[in-house]
Amino acid sequence: MGRLGTLTLLELRRRVRDPLAFLTWMAVPFFLVLLLVVVFGPRSAGLPRITVLVVNEDGGALSGFLGSALDSPQLAEFFDARVVEMEEARRLMERGKASALIVIPEGFAKAYLHNEPVTLRVWTNPQETLLPKIAVEAVTFLAESGGLLRAVLHPVAGDLFDGDLETRPSLETVLEATRRIYGILDRPETRKILDLEAIPVVDHHPEGDTAPTRSEVVGWFAPGMVALALLFLCNGQSQDLQEDLLQGRLARAWSFASHPWVSLGAKAAALVLSATGSGLVLVAALALTLGWEPGRPVLVVVQTAATAAAFTGLALMLRSLTRSAEVGGAAASGVMVGLGFLGGCFMPTVFLPPFLQRVADLIPTGWAVQGYLILQGSTWAGPMGSLPLRILLLAVTAAITFAVASWNMGRKAVTP
Amino acid sequence: MSSLLEVEALVKRYGERTAVDGLSFTVGPGEIYGLLGPNGAGKTTTIRVLTGLLPPTSGSVGVAGHDPFVEPLKARAVLGWAGQETTLYDDLSAEENLRMACVLARVPRNRIRARVAELLETVGLADRARDRVAAYSGGMKRRLHLAVALVHDPAVLLLDEPLVGVDPQARAHLITMIEGLRDRGRAILLTTHDMDDAQRLCTRVGIIDRGKLIAEGTVEELQAGLGERDLLRLEGAFPQRFEPAFPGGLGAEVLSAQEGELLVAVPNGPRALPAVLAALEDAGHPVDRATLERPTLETLFLRLTGRELRD
């Protein structure tokens, strides 16, 4: 083994003497992915049921139809409809216990049957934004459906109740009305309106479980989290090299009969190797415990090494611009968080505005996350053929940033 | 005696500030040259230039005949440097620190193990060789720090304040080590602002102030420069820059006049003391306390610069 190899091994030994630091850097993103899987995974709670209060001031059976419609098997999955008195409704709304309150006014059924104008009032919870809107949309849909039904059945309804909603119709009247309703429903023009098959709706959602699988959810977040872990690990490790500079160890190494590149190269190689190893441990942990499928192992190793090299160079360059470890750490962390966000480490870039998505294509964190996405088969991030370009970009970033960092550190190391 | 270390009209400027101003000296084999001066006098800058890490503004330096800027690797191959601060890897053991230095100093691979063991024995750390340096005392770190500079058995040694901040036991050990290196013919440049260290170790001394060499010679030669005079340290209600008039026949010279303290050089101090006290009493500044001292290099520095070494 040559001098560079021996020095790199000794530098690596310095790194592994503090395994707790590595475990911390790797454990945090692992548990973040685990939490995200719990939140978005197959056993997640999904959207909460929307509590809707119904106050029926009309009191009739027809008015109760609206409340019971929200309670139907199809809508009960989304709505928790409760018919309550006005006083109880006010109390619950004031305490924020419901998303919406629907008041069916007195005379609603009569006006409805006689095709007269009628208004439904809905109060919404000001503390909520999305759920009341869904409730209002649902009520509007039901009201419009009721309007259509009224248009079709109005003649029969008028005969059936004969304008008197208090008197129960006779059996003969009901049978006659039923016969006439079927007659109306059988008419071709009615079927055109009511037959839902006239507008076919095809559900393309996969059959069976509608929630995403665990490995799918891991696949959404793992690429970003692995890149994020490497970003922070490389930043943390780069502090050691800055301290070597500030405490004179770098100058001391350069006072021996070896070219400065030997000692600096060994230190940088040790940083990249330890970051790569740690990153691969995280990838393996995510694959073995959460079922992540990161892609071909050889390419994952290359991608991780390129990412570790680029992020280490970046962290060293940022630190080489500052005069103290504290300022260097703060500056590097700030830049790293920004790059992590823009690169899609915290969330997939598809959630970002289009112009920010384009930024991700131009920065090292973006190339790193995209590389892992491509490797796991997320075609929206790019075809497999575009992976070498991203790895090349990361390698070029590493080369440029290492050169700048070395030049800056070399300048500072020799000044007493 | 040919010189192993040569500094000729060395100038180093940082922007407008001149750190080293026309410094010249030589150090031969078996010689310890003490570069004496207060903090900021230019000692560390001079050493950095000699290691080849810092380019001079003008002048020339030579290490065993090699210019550290023209032939840096050749110069460094015969040069050992132990800086003012210990520059060890706390997370490695003493053995690993020395191995790392051996590799950097291009010690042949088949010699590294033996050289490391030899140095650990020399600095008295063989029994703690595998302990992490973080667990070492300050004195142990100092000894190891010096050992790192010796891994390639250099002919020239640059020791920047090697005895600062060490306990008496470690200090004695380090002094013995440095004397041993001198006896084996190494040329040693030692910077210090401690006159006792210089008097104990150095064969020649250069006094440096604000980057300039203001006196040079053996300790005896420099002390002779003060003449056969004693020092009177007088305490009383003296104003700053007090200039008392002493009788001409006394031959008294005020070296320093701080508020409340006068330092006066006189031939035959015990005989002159009553006359000095009387002169000050007559001037309206009676003396509260008087101390008779023998002249030292510190006195010389004071006479040459008007300032104490630790100013």
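## Chain A overview

Of the 416 residues in chain A, 44% are buried. The model is predicted. Chain A's secondary structure consists of 17 helices and four strands. Take the contacts in chain A with a separation of 6 or more: 75% of them join residues 24 or more positions apart.

## Chain B overview

Chain B has 311 residues, and buried ones make up 51% of them. Its secondary structure comes to 10 helices and 13 strands. Among the contacts in chain B with a separation of 6 or more, 67% link residues 24 or more positions apart.

## The H14 and H16 pair in chain A

Two packed helices are described by the angle between their axes and the distance between the axes. In chain A, one such pair is H14, residues 325-343, and H16, residues 364-375. Their axes come within 8 Å of each other. They cross at roughly 45 degrees. That angle makes H14(A) oblique to H16(A), because it falls in neither the roughly parallel range, under 35 degrees, nor the roughly perpendicular one, 65 to 115. The crossing of H14(A) and H16(A) is right-handed.

Which residues in H14(A) and H16(A) meet? H14(A) supplies A:Leu339, A:Gly340 and A:Gly343. H16(A) supplies A:Thr365, A:Gly366 and A:Val369. By class, the residues of this contact are two nonpolar, four polar and no charged.

## A:Ala330 on H14

A:Ala330 also belongs to helix H14 of chain A. Is A:Ala330 buried or exposed? Its relative accessibility is 52%, so A:Ala330 counts as exposed; the cut-off is over 50%. A:Ala330 and A:Arg319 are 11 residues apart along the chain. Their C-alpha atoms are separated by 9.3 Å.

## A:Val226 on H10

A:Val226 sits in helix H10 of chain A, which covers residues 214-246. At 0% relative accessibility, A:Val226 is buried, because buried means under 20%.

What does A:Val226 touch, leaving aside its neighbours within four places in sequence? Its contacts are A:Leu282, A:Val283, A:Leu286, A:Trp292 and A:Tyr372.

## B:Glu179 on H6

B:Glu179 is placed in helix H6 of chain B, residues 168-183. The relative accessible area of B:Glu179 is 18%, so this residue counts as buried. The limit for that label is under 20%. Not counting residues up to four places away in sequence, B:Glu179 touches B:Arg200 and B:Leu201.

## Cysteines and disulfides

A disulfide is a covalent bond between the sulfur atoms of two cysteines.

A:Cys234 is buried, at 1% relative accessibility. B:Cys102 is buried as well, with a relative accessible area of 0%.

Key
Residues are numbered from 1 along each chain as its sequence is written. Chains are lettered from A and ligands numbered from 1 in the order in which they are written. This is a predicted model: local features need pLDDT of at least 70, side-chain atom pairs count only at pLDDT 80 or more; totals for chains, interfaces and linings use all residues. Side-chain values use heavy atoms; hydrogens and water are left out. Buried means under 20% relative accessible area, exposed over 50%, partly exposed in between (1.4 Å probe, protein chains only). Axes are lines fitted to C-alpha atoms, for helices over the stretch in contact, and angles run from 0 to 180 degrees between N-to-C directions. Helices (H or I, at least four residues) and strands (E, at least two) are DSSP runs, numbered from the N terminus. Angles under 35 degrees count as roughly parallel, over 145 as roughly antiparallel, 65 to 115 as roughly perpendicular and the rest as oblique. A crossing is left-handed if the near helix is turned anticlockwise from the far one by less than a right angle, and right-handed if clockwise. Contact means heavy atoms within 4.5 Å. Ala, Val, Leu, Ile, Met, Phe, Trp, Tyr, Cys and Pro count as nonpolar, Asp, Glu, Lys and Arg as charged, and the others, Gly among them, as polar.
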